[in-house]
Amino acid sequence: MTQAGKTILLVDDDQEIRDLLDAYLSRSGFNVRSAPDGSSFRAALGESPADLVILDVMLPDEDGFSLCRWVRQHERLAQMPIIMLTASSDEADRVIGLELGADDYLGKPFSPRELLARIKALLRRVHFSQERTSDVLAFDDWRLDMVSHRLFHRDGEETFLSGADFALLKLFLDHPQQILDRDTIANATRGREVMPLDRIVDMAVSRLRQRLRDTGKCPRLIRTVRGSGYLLAANVTPCHASD
């Protein structure tokens, strides 16, 4: 998959960082747009979406957490990959970002080379998850459109998925009735450049359970297998959108 021509929207209030990353990522073949604050970010996405967003947590007018939440609640933008930047060493900040739907995070200071590796890994993941094997996968009370990434309950209500939500759900649907350990989940959904942190994986599964209305004391759809990992307790049936 070629990455040339992909558009990256960089949101950071530090002009020096914006200029450095603009030059570095442009040399790598990306089209880079930048915004210094939340209002400029919203305006930029109003003009046209991006293939990926690099979003700083600390901005002068609105923090990156609220902007990430806004993107994930916006139907037209909900699938757009987001990498969050944080100057905080506090793990809680990173977990919050991932819970809100960020696909990856990177702590400041960072090397542009590492950021580029994260970008490429995330865009590869998005590309492969969009490869069309069947229009729709049906499971339990749900139908997932593999092309549009739209998830529907049998009552007709649609549940919006972030890119990370979709990647995790697709992993379970590709391996129904199989126990997936945390390392497998981390490697498949977050890329090999990210350390497979147990807590982050657990949070991602918890978020997906919420999307699937599987939030009882003993979840029935995505089950915890103590000491081993997680299992999707459902049969998966490939079908077509017209079925």
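Helices, of at least four residues, and strands, of at least two, are DSSP runs numbered from the N terminus. In the predicted model described here, the protein chain comprises eight helices and 13 strands. Of its 243 residues, 48% are buried. Among contacts between residues at least 6 apart in sequence, 61% join residues at least 24 apart.

When residues up to four places away in sequence are not counted, Asp51 touches Gly5, Lys6, Thr7, Pro81 and Leu123. With one of these residues the side chain of Asp51 makes a polar contact, reaching the backbone nitrogen of Thr7 at 2.7 Å. The C-alpha atom of Asp51 is also separated by 9.7 Å from that of Asn31, a residue 20 positions away along the chain.

The packing of two helices was examined next. Two packed helices are described by the angle between their axes and the distance between the axes. For helix H6 (residues 163-174) and helix H8 (residues 198-211), the axes come within 10 Å and cross at roughly 85°. Angles of 65 to 115 degrees count as roughly perpendicular, and H6 and H8 are therefore roughly perpendicular to each other. On the H6 side, the residues that meet H8 are Ala164, Asp165, Leu168, Leu169 and Phe172, while H8 contributes Ala204, Val205, Arg207, Leu208 and Arg211. Classified by residue type, this contact has seven nonpolar residues, three charged residues and no polar ones.

Ala204 is found in helix H8 and, with a relative accessible area of 16%, is buried because the value falls under 20%. The C-alpha atoms of Ala204 and Ala164 are separated by 8.0 Å, although the two residues are 40 positions apart along the chain. Asp165, in helix H6, is a charged residue that counts as buried, at 1% relative accessibility. Apart from its neighbours within four places in sequence, Asp165 is in contact with Arg207, Leu208 and Arg211. A further link is local: the side chains of Asp165 and Ser162 are joined by a polar contact of 3.1 Å.

Leu161 occupies the loop between strand E9 (158-159) and H6. Leu161 is buried, with a relative accessible area of 1%. Its contacts, leaving aside neighbours within four places in sequence, are with Ala78, Gln79, Leu144, His149, Leu151, Phe166, Leu169 and Arg211. Arg211 is 50 residues from Leu161 along the chain, and the C-alpha atoms of the two are separated by 7.7 Å. Arg211 is also among the residues of H8 that meet H6, and it is in contact with Asp165.

Several features of backbone geometry were identified in loops. The peptide bond that joins Lys108 and Pro109 is cis, with omega at about -5°. Pro109 lies in the loop between strand E5 (104-107) and helix H5 (112-129). A positive phi occurs at Asp140, where the angle is about 50° although the residue is not a glycine. Asp140 is situated in the loop between strand E6 (136-139) and strand E7 (142-145), and counts as partly exposed at 37% relative accessibility. Arg213 likewise has a positive phi, of about 55°, and is not a glycine. The loop that holds Arg213 runs between H8 and strand E11 (222-225), and this residue counts as partly exposed at 40% relative accessibility.

Cysteine residues were considered last. A disulfide is a covalent bond between the sulfur atoms of two cysteines. When a pair of cysteine sulfur atoms must lie within 2.5 Å to qualify, the count comes to zero disulfides. Cys218 counts as exposed because its relative accessibility of 68% is over 50%. Cys239, by contrast, has a relative accessible area of 10%, under 20%, and is therefore buried.

Notes. Residues are numbered from 1 along each chain as its sequence is written. This is a predicted model: local features need pLDDT of at least 70, side-chain atom pairs count only at pLDDT 80 or more; totals for chains, interfaces and linings use all residues. Side-chain values use heavy atoms; hydrogens and water are left out. Buried means under 20% relative accessible area, exposed over 50%, partly exposed in between (1.4 Å probe, protein chains only). Axes are lines fitted to C-alpha atoms, for helices over the stretch in contact, and angles run from 0 to 180 degrees between N-to-C directions. Angles under 35 degrees count as roughly parallel, over 145 as roughly antiparallel, 65 to 115 as roughly perpendicular and the rest as oblique. Contact means heavy atoms within 4.5 Å. A polar contact is a pair of N or O atoms within 3.5 Å; within protein, one must be able to donate a hydrogen and the other to accept it, and residues adjacent in sequence count only if both atoms are side-chain atoms.
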